[in-house]
Amino acid sequence: MTQRLFFVCFLFLQIIHYQSFADDFVIVRQVKIVGNIRTKEKIIFRDMAIKAGDSLQKAKLTDVLEADRKKIFNTNLFVTVKVSSEEIDNQQIDVIVEVKERLYLVVLPVFYLADRNFNEWWYERGHDLKRTIYGIYGRHSNLTGNNDQLKIRAEIGFIPNFEIAYSTPYLDKTLQTTFSIGAFYGINKTMVYRTWQDKFQFAESEDRQRERLNLYSVISRRTGFFQNQFLQISYNRTQIADTIARLNPNYFLKGNTQQKYLAISYSYIYDRRDNRQYALKGYRLSFDAIKYGLSARSDINQLNLSGTISQYFPLGRNFYGNYSLRGKVSFPEKQPFLQTQGLGYRNDLVRGYELYVIDGQSYGLVKTNFKYQMFDKIFDLSRYLKVKQFNTLPLAAYINTFFDVGYVKNNFPELNNTKFANKWLVGGGIGLDVVTWYNVVGRLNYSLNAVGEKRLFFNLSREF
């Protein structure tokens, strides 16, 4: 009698537990991929936490689907991504992933400025159209459907450049490791030979003044959804004319006209941003180390270490904030001009100092933003454009204010008569950001720096 009573109670508790489970959870019967013509399903599945057979809380289902949608979109393989659920019965659902693929094969004419940015070309170089680079660029960003890339670039004009690179599909069954190889060759007739008072100084000639060759291979490994590591080994050879060595004996140090070396670099990235195109929430950590010269036969022996911390956070009512901390140190103190880089290169700058290049062996940089989202919409242009990769127009606009602080440590300021190294740099202003197709971000900023200079700056970039 006691055993029967125990069995009935146990059965009753099981029924209650199952009913509670059915009320709170659903089981994923299958995950369907729709719209992928070239991309292999395994590449999409790799970026999804949801798998067939998973039990998901009904209360958190919307958040889980949205998290996977963002991860798939951040592969940069698709124009749009939609992840939804379809109820089969009270206990089961199907997860539907609808994607619209990008235009993977792009062969385009190339035309861009040889200077660091539009602002330097416009304000400092008299917007001279001779200072442009043109040619042809071909890229397939999903060659076999496995997110592998082939890139070919042939450019002439102010600085002729030639490059070919290929990134393999994943090498392992877990889809974590890739291998890339590439070669770059470039020549200069007019070139930067030094900085003076934090501005580039150019040597102009009709003869070849610099020749560069770079051969490289990269092993990259992605662990989970957010962690990436890169190990690169490269061979580099740069030859300059005697004229450049005389104008700046420190270009390679000791008046040398050639620099050859092997280099090894390591990069680590942990990226938890909601959108790598234009983040509004999350954070990103990165660390980089590069060693120039791996043997006594190398013409340089230098170590660079750098790191970045960025955080993005919503403030409510379409307001957002973000900050970034970045620092770099390098050794030894005396370095070739070619490898001495402080603030002013790429996006490492204090806004308000866009026209300056502040060289140094070490630096620190703090950048802050406070922004308001004016709108964020996706426009259907299928009535006007029949090419599916372009008939969906994502468009967002943000008004923002910014404030930056930086410091560059230059151990030999007399070599370039610097005005801004070894001093605190402060800049701020207001701006407008526009985000659209294929990770393109346009920025229009009105900036003011610590020495009272104020100016309108424009920047157009493609972010990843």
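**Entry 1: strands**

I began with strand S18 (residues 362-380), which runs antiparallel to strand S19 (residues 392-409) and is joined to it by 18 bridges. Helices (H or I, at least four residues) and strands (E, at least two) are DSSP runs, numbered from the N terminus. Two strands pair if DSSP finds at least two bridges between them. I noted that the model is predicted: local features need pLDDT of at least 70, side-chain atom pairs count only at pLDDT 80 or more, and totals for chains, interfaces and linings use all residues. Residues are numbered from 1 along each chain as its sequence is written, and side-chain values use heavy atoms, with hydrogens and water left out.

Within this pair, I found Lys-371 opposite Asn-400 in S19. I then followed S19 to strand S20 (residues 424-435), where 12 bridges make another antiparallel pairing. There Val-405 stands opposite Val-426 in S20.

I looked up Asp-47 in the loop between helix H2 (41-46) and strand S2 (55-57). Is Asp-47 buried or exposed? Its relative accessibility is 2%, so Asp-47 counts as buried. The term buried means under 20% relative accessible area, exposed over 50%, and partly exposed in between (1.4 Å probe, protein chains only).

The Asp-47 side chain makes a polar contact with the side chain of Arg-222 at 2.4 Å. A polar contact is a pair of N or O atoms within 3.5 Å; within protein, one must be able to donate a hydrogen and the other to accept it, and residues adjacent in sequence count only if both atoms are side-chain atoms. Leaving aside neighbours within four places in sequence, I listed the contacts (heavy atoms within 4.5 Å) of Asp-47, which include Asp-68, Lys-71 and Phe-225.

Next I took Glu-120 in helix H4 (residues 118-123). Glu-120 is buried, with a relative accessible area of 2%. Not counting residues up to four places away in sequence, Glu-120 touches Asp-115, Arg-125, Phe-200 and Leu-355.

On a 1 Å grid over the protein atoms alone, a cavity is a set of points where a 1.4 Å probe fits but cannot get out, and a pocket is an open set with protein on both sides within 12 Å along at least five of seven lines; lining residues have an atom within 4 Å of a point. Grid points are joined across faces, edges and corners, and a volume is the space filled by probe spheres set on the points.

The largest cavity holds about 40 Å³. Among the residues that line the largest cavity are Leu-343, Tyr-353 and Leu-425.

The second largest pocket holds about 620 Å³. Helix H3 (61-73), strand S3 (78-87), S18 and S19 each give two or more residues to its lining. The lining has 27 residues, and Arg-69, Phe-73, Asn-275, Gln-277 and Asp-376 lie nearest the pocket's centre.

**Entry 2: backbone**

Which residues does a cis peptide bond join? I found Phe-331 and Pro-332, with omega about 0°. Pro-332 sits in the loop between strand S17 (319-331) and S18.

I also noted a positive phi of about 65° at Asn-76, which is not a glycine. Asn-76 is in the loop between H3 and S3, and Asn-76 counts as partly exposed at 21% relative accessibility. Asn-147, also not a glycine, has a positive phi of about 65°.
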